[in-house]
Amino acid sequence: MAEQISVAVIGAGMAGRSHAAAYRTASTLWGEGLPPIRLAAIVDNNRELGQDAARRYGFERHLAGVEELAADASIDAVSVVVGNDLHLPFTQMMLEAGKHVLCEKPLAGSLADARAMAELEANTDLVTATGYTYRRVAAVAAIRDRIARGDLGDLSVIDGRYWCDYSCDPDGPLTWRYLGAPGSGALADIGTHLIDILENVLDSRITSVSGGSLRNAIPTRPIPLGTVTGHGRGEVSEERGEVTNEDSAAFVARFAGGVSATISCSRTAFGMPNGMSFSIHGTTGSAAFDWHRPAEYTYNGPSGDSPTGPRQVIVGPADPYFAGGYPMQAPANGAGNAESFAYQARAFLDQIVGLDEVPPCATFADGLHTLEVVDAVVRSDADGGAVVPVSAN
């Protein structure tokens, strides 16, 4: 086993900092066997942002370019956390330099790029992973376990929603998030999370979609005058540019087992800061989760002669990820965004050294499949809501 694992993060923005913080925490989780983690570098062409991230999260240095990172043979593993169109070139560069890669979702900025990344994965012995953090939430994993045990019986009704309000302001700057092709807006940004969650919880792939509907609520936005980080504001011009992708999307997904789900996502849902939620009903039980209340889920099952009704289940040490994954292992402690990223980082590092403390990360092939679903929704919308099969990969 290696004496240490040296890690770097490409991207010092909102999600990049989540990856950086996660690597700093990963070695504190679960059992022994993981070598010491060297926090080597943060890479970002914005020097001030990159230097601040490196200082804040304890990385040795800031690098301005990916070429310098690729040339550093001492670095073993890299998170790619930048604009979607840069995922393929940066990932390819890192793999060619012999580095393991964890790429943030969506896997790529286009379906063609995603297919190229899956091909890279198929032809390397290095660890490659797509970043889907919500499958690491203890309550979500507990619902997955209940479904696998048959607690809900034969599944009949599924509804998934990811509603956010980060784009409600019509004067928010026209960043790269608003400039892709149809499907690259809310559907790729947040809808991909929901697609992965439902497939992971049901342990079943989406095989077709129908009723695809894309909508753009805010057709133009002001052009930014400088760098904009995450969903921030920044100075803008009086000139406005066209938004070329969707603010909202909805569709019906059919899974391999025959059950269907209604799925919707939006970045212009006022009053919903990060409203990811789903509910699943079967013939003997039901379960639901809401990210705004991440330390719990609701469950309803047989109760003998008593009236049935959903009950609140507070996650604790008996649930997935909790035992060994929280500093204070008592019910209702933790359960936030940072923990999910830390579990993902630990899983990625475990895969590199051959441990199996936690379930492995999603693969590039998984990330490609998600974008195949996105593409099918776009084609369904273009064809008036027609049924469109999802390509197998």
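Two strands pair if DSSP finds at least two bridges between them. Strands (E, at least two residues) and helices (H or I, at least four) are DSSP runs, numbered from the N terminus. The model is predicted: local features need pLDDT of at least 70, side-chain atom pairs count only at pLDDT 80 or more, and totals for chains, interfaces and linings use all residues. Residues are numbered from 1 along each chain as its sequence is written, and side-chain values use heavy atoms, with hydrogens and water left out.

**View 1. An open sheet is formed by nine strands.** The order of the strands is β16-β15-β14-β13-β7-β12-β11-β8-β17, and their pairing is mixed. Strands β16 (residues 311-314) and β17 (residues 388-389) are the edges, as each pairs on one side only. Helix α9 (residues 364-382) packs on this sheet. The strands that α9 touches are β8 (residues 206-215), β11 (residues 248-255) and β17. Between the directions of α9 and β8 the angle is about 55 degrees (angles run from 0 to 180 degrees between N-to-C directions, and axes are lines fitted to C-alpha atoms, for helices over the stretch in contact).

**View 2. Strand β13 pairs with β7 and with β14.** Strand β13 covers residues 275-282, and β7 covers residues 155-163. These two strands run in the antiparallel sense and share eight bridges. Two of the bridge partners in β13 can be picked out here: F278 is the partner of G160, and M276 is the partner of Y162. The pairing of β13 with β14 (residues 286-290) is antiparallel too, over five bridges. Here S279 stands opposite A288 of β14. Three residues lie between β13 and β14, and the two strands form a hairpin. How much of β13 is buried? Seven of its eight residues are (buried means under 20% relative accessible area, exposed over 50%, partly exposed in between, with a 1.4 Å probe and protein chains only).

**View 3. Helix α6 packs with helix α7.** Helix α6 spans residues 138-149 and α7 spans residues 186-202. Their axes are 8 Å apart and meet at an angle of about 40 degrees. On the α6 side, the contact is made by V140, I143, R144 and I147. On the α7 side, I197, N200, V201 and L202 take part (contact means heavy atoms within 4.5 Å). N200 of α7 counts as buried, at 17% relative accessibility. Apart from neighbours within four places in sequence, N200 is in contact with R135 and R144.

**View 4. I190 is a buried residue of helix α7.** The relative accessible area of I190 is 5%. Which residues does I190 contact, neighbours within four places in sequence aside? They are Y162, C164, Y166, C265, S266 and R267. In sequence, R267 is 77 residues from I190, while their C-alpha atoms are 8.2 Å apart in space.

**View 5. Helix α1 has buried residues that pack against both strands and helices.** Helix α1 is made of 13 residues, 14-26, and reaches 19 Å from its first C-alpha to its last. Its buried residues are G16, R17, S18, H19, A20, A22, Y23 and A26. The strands they pack against are β1 (residues 5-10), β2 (residues 37-43), β4 (residues 77-80) and β5 (residues 100-104). The helices they pack against are α2 (residues 47-57) and α8 (residues 337-353).

Notes:
The expected span of a helix is 1.5 Å times one less than its number of residues.
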